[in-house]
Amino acid sequence: MIFRAVRDGRPYPEHNLTLKQWAEIPPRPLRLDQLITTKRELALDKLLAEDSTFYGDLFPHVVEWSGGLYLEDGLHRALRAALQQRNQIHARVLVFTGQPE
């Protein structure tokens, strides 16, 4: 198994972080098998694109919430890493303490 689990949607409340605020979080290494995806489907063209991070953050965005590490943005980059036989990625991790609704 590549990821810990595959979900369709975020289980945590909205955090409202801007791209600038995400960029202030230093990336850290994470094992792919610790991550829970928040997207069930991916676009093959994005997976295969060489410039998929050209307009976005180089590092995936992960939300640590209620004991889980949720891959919010960067599913294609994480899967590409797995296809290259890597078992970890560097990602920005928001430790979110928001209360569930």
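Modeller: Let us start with a term. On a 1 Å grid over the protein atoms alone, a pocket is an open set of points with protein on both sides within 12 Å along at least five of seven lines, and its lining residues have an atom within 4 Å of a point. The model discussed here is predicted.

Colleague: Which residues lie nearest the centre of the second largest pocket?

Modeller: The general idea comes before the case. Rolling a probe the size of a water molecule over the atoms shows where empty space is left. In this model, Leu58, Pro60, Arg77, Arg86 and Ile89 lie nearest the centre of the second largest pocket, out of eleven residues that line it. Helix 3 (75-83) and strand 6 (88-95) are the elements that give two or more residues to this lining. The space in the second largest pocket comes to about 200 Å³.

Colleague: How do the residues of that lining divide into nonpolar, polar and charged?

Modeller: The lining of the second largest pocket has five nonpolar residues, three polar ones and three charged ones.

Colleague: Where do these elements sit in the chain? How many helices and strands are there?

Modeller: The chain has three helices and six strands. Read from the N terminus, the order of elements is β-α-β-β-α-β-β-α-β.

Colleague: Is helix 3 mostly covered or mostly exposed?

Modeller: Burial is read from relative accessible area, and a residue under 20% counts as buried. By that cut-off, helix 3 is mostly covered, with seven of its nine residues buried. These are Leu75, His76, Arg77, Ala78, Leu79, Ala81 and Ala82. For the whole chain of 101 residues, the buried share is 38%. Just after helix 3, glutamine 85 has a positive phi of about 65 degrees.

Colleague: Now the charged pairs. How many salt bridges does the structure hold?

Modeller: To read one, look at the distance from a side-chain nitrogen of Lys or Arg to a carboxyl oxygen of Asp or Glu, with 4 Å as the limit. The structure holds five salt bridges. One of them joins arginine 28 to glutamate 64, with the closest N and O atoms 3.4 Å apart. Arginine 28 is in strand 2 (residues 27-31) and glutamate 64 in strand 4 (residues 61-65), so this pair ties together parts that are 36 residues apart in sequence. Arginine 28 is partly exposed, at 34% relative accessible area, and glutamate 64 is partly exposed too, at 28%.

Colleague: Which residue does arginine 77 form a salt bridge with?

Modeller: Arginine 77 forms a salt bridge with aspartate 73, and the closest N and O atoms are 3.1 Å apart. Arginine 77 counts as buried, with 16% relative accessibility, whereas aspartate 73 counts as partly exposed, with 29%. Arginine 77 is also one of the residues nearest the centre of the second largest pocket.

Colleague: What of the remaining charged groups?

Modeller: Arginine 31 and aspartate 33 meet in a salt bridge through their side chains, at 2.9 Å from N to O. Arginine 31 is partly exposed at 37%, and aspartate 33 is partly exposed at 36%.

Colleague: Last, the rings. Is the pair of tyrosine 12 and phenylalanine 96 stacked or edge-to-face?

Modeller: Two values are needed: the distance between ring centres and the angle between planes, where over 60 degrees counts as edge-to-face. The structure has three aromatic pairs. Tyrosine 12 and phenylalanine 96 form an edge-to-face pair, 6.3 Å centre to centre with 70 degrees between the planes. Tyrosine 12 lies in the loop between strand 1 (5-6) and helix 1 (19-23) and phenylalanine 96 in the segment after strand 6, so the pair ties together parts that are 84 residues apart in sequence. Both tyrosine 12 and phenylalanine 96 are buried. Ring pairs link Tyr12, Trp65, Tyr70 and Phe96 into a cluster.

Notes. Residues numbered from 1 in each chain as written. Predicted model: local features only at pLDDT ≥ 70, side-chain atom pairs only at ≥ 80, totals over all residues. Heavy atoms only, no water. Helix = DSSP H or I, 4+ residues; strand = E, 2+ residues; numbered from the N terminus. Buried < 20%, exposed > 50% of the residue type's maximum accessible area, 1.4 Å probe, protein only. 1 Å grid on protein atoms, 1.4 Å probe; cavity = no way out; pocket = protein on both sides within 12 Å on 5 of 7 lines; lining within 4 Å. Points joined across faces, edges and corners; volume = space filled by probe spheres on them. Nonpolar A, V, L, I, M, F, W, Y, C, P; charged D, E, K, R; others polar. Phe/Tyr/Trp six-rings, centres within 6.5 Å; stacked < 30°, edge-to-face > 60°.
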